[in-house]
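Dear colleague,

I am passing on the structure we talked about, and my notes follow below it. Please read them with the coordinates open beside you.

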Amino acid sequence: MKGSFLQIWALFKKDLLLEVRQQYSFYGVLLYVASTIFVLYLAMGQPEADVWKGLFWMIQLFVCVNAVAKSFLQEGRGRLLYFYSITGAANFILSKLLFNALLMLLMSILSLGLFVLMLGDPMPDPLRFVGISWLGGVSLSLVFTFLAAIAARAQQSAALMAILGFPLVIPQLLLLSKISNIAFADVLQGGLAGMIVVLAALDVLIVVLSLILFPFLWKD
Amino acid sequence: MLKNWWKILCVILLTYTILAGFLGPVPAKPILNETIRNLYFHVGMWFAMMALFTVSAIYSVFYLWKSKPNYDLYSLEFAKGGIVFGCLGLATGSIWARYTWGAFWSNDPKQLGAAIALLIYFAYLVLRNSMTDMDKRARIGAVYNIFAYAMLFPTILIIPRMVDSLHPGGMGNPAMNTKDIDSRMITIFWPAAVPGWILLGVWITTLRIRLQLLVEKKLSHA
């Protein structure tokens, strides 16, 4: 148990170190986020709360696709095989899930900041929405990490990952938009906790499925 | 004759379902009126879809365990059969919705959940087509199939029951309650409609499997 913990931590640190040194993923996605939000601002100005929410989740979705694609698909095949052989497959996918979740946490807060800066701030409770955007970012990153693993094995580009991924994230997006609707309302409504529990349960289901199914993917 | 008893049973059951479904007595409910007969067709299709997808997922698990190519063929064909019945279920549901809710599509959570589940399985077909290496296609297809099957439960069964929905079963009340269904309809639904549609799905799928096996045999001997 302690051994696998150390392995996961080592892989995670490796990804983090590569990021800090090369800074390709982070700045690339940051540029993508800033450009997209800027284009959105030019097109929409400062929309009302409903439109704002919808646009925010769309941006989160595309940012997630790009961030996860960059982080997973940039490693060569030989290096991936090396990692699979020295650690277990489960440890590898767990470290990838953690790293992409962290990346999405960062990207969520940055895109939220840019959104507030350019498209106005209709949130009645900013802290609650920060929490929701984090939850949403992490949930999306879990699905796309697993799909990136599948797409990497299929030797296709991020395009396949996006094609596969959009139907799969629709339940989460629906839940997230319902949660944000409740969170944006001025009165505190019941049902928020229930929805968040369902979303968290869905995330746990995806993580468990990834852990079980990923070892079969790389058995070449 | 002895091997095909279930096909004859399927014909008998479906004939009975269609005749009794359209001519049999049904309770008179406001708004629903005669459309309540849709129960035998629409819900039967969904049961068939779930049965076919379950078999497909089981064969995927078998393939990951044993790697026999036949398992991959079975799981693909059963998934295709499930998709067909799912589309039929969505179509029969939309027709029913036109007469009870007023529109073919009203963004009801159950409709959306069902559409999403079918989209996930369509993505499975796209994924399989994107790979040319047979073993890789089979293995990755099996992994995605299990994933897609697991996603059926939240999208169709869990989330639509939790949110506001016009569909019977929304807002927490279970729709397949024994107290909720009229006894005259039970005698047609459970013994005839559900097994009849499931057997039809299995029949069509086994025919397709046999056809595919013949095609492969012909190609390998050519």
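How many residues of chain A are in contact with chain B, and how many of chain B with chain A? The answer is that 19 residues of chain A are in contact with 21 residues of chain B, where two residues are in contact if their C-beta atoms, placed from the backbone, lie within 7 Å.

Before the details, a word on conventions. This is a predicted model, in which local features need pLDDT of at least 70 and side-chain atom pairs count only at pLDDT 80 or more, while totals for chains, interfaces and linings use all residues. Residues are numbered from 1 along each chain as its sequence is written, and chains are lettered from A and ligands numbered from 1 in the order in which they are written.

The two chains

Chain A has 8 helices and 0 strands, and chain B has 6 helices and 0 strands; helices (H or I, at least four residues) and strands (E, at least two) are DSSP runs, numbered from the N terminus. For chain A, a compact globule of 220 residues would have a radius of gyration near 17 Å, and the 18 Å of the chain agrees with that. For chain B, with 222 residues, the expectation is again near 17 Å, and its 19 Å agrees. The radius of gyration is taken over C-alpha atoms, and the globule rule is 2.2 Å times the number of residues to the power 0.38.

Along the principal axes, the C-alpha trace of chain A spans about 50 × 35 × 30 Å, and the C-alpha atoms of chain B fill a box of roughly 60 × 45 × 25 Å. Buried residues make up 39% of chain A and 42% of chain B, a residue being buried if 20 or more other C-beta atoms lie within 10 Å of its own, exposed if 12 or fewer, and partly exposed in between, with C-beta atoms placed from the backbone. Among contacts between residues at least 6 apart in sequence, 83% in chain A join residues at least 24 apart, and in chain B the figure is 74%.

Where the chains meet

On the side of chain A that touches chain B, the elements giving two or more residues are α6 (126-153), α7 (158-184) and α8 of chain A. The largest share, 8 residues, comes from α8(A). By class, the residues on this side of chain A divide into 16 nonpolar, 2 polar and 1 charged, where Ala, Val, Leu, Ile, Met, Phe, Trp, Tyr, Cys and Pro count as nonpolar, Asp, Glu, Lys and Arg as charged, and the others, Gly among them, as polar.

One helix pair spans the two chains: the axes of α8(A) (residues 192-218) and α5(B) (residues 134-162) come within 10 Å and cross at roughly 170°. Axes are lines fitted to C-alpha atoms, for helices over the stretch in contact, and angles run from 0 to 180 degrees between N-to-C directions. These two helices are therefore roughly antiparallel to each other; angles under 35 degrees count as roughly parallel, over 145 as roughly antiparallel, 65 to 115 as roughly perpendicular and the rest as oblique. The residues of α8(A) that meet α5(B) include Val198(A), Leu205(A) and Phe216(A), and those of α5(B) include Ile140(B), Phe147(B) and Met162(B). In this contact there are 15 nonpolar, 1 polar and 1 charged residues.

A helix pair within chain A

The axes of α1(A) (residues 2-22) and α5(A) (residues 89-119) come within 9 Å and cross at roughly 45°, which makes α1(A) oblique to α5(A). Among the contact residues are Ile8(A), Leu11(A) and Asp15(A) of α1(A) and Phe92(A), Leu94(A) and Leu98(A) of α5(A). The residues of this contact divide into 7 nonpolar, 4 polar and 1 charged.

Two residues of chain B

Ser67(B) lies in the loop between α2 (38-66) and α3 (69-100) of chain B, and its phi is near 60°, a positive value in a residue other than glycine. Most residues other than glycine have a negative phi. With 14 C-beta neighbours inside 10 Å, Ser67(B) counts as partly exposed.

Tyr124(B), in helix α4 (residues 109-129) of chain B, counts as buried because it has 24 C-beta neighbours inside 10 Å. Not counting residues up to four places away in sequence, Tyr124(B) touches Ala79(B), Gly141(B), Tyr144(B), Asn145(B) and Ala148(B). The C-alpha atoms of Tyr124(B) and Gly141(B), 17 residues apart along the chain, are separated by 6.9 Å.

With best wishes
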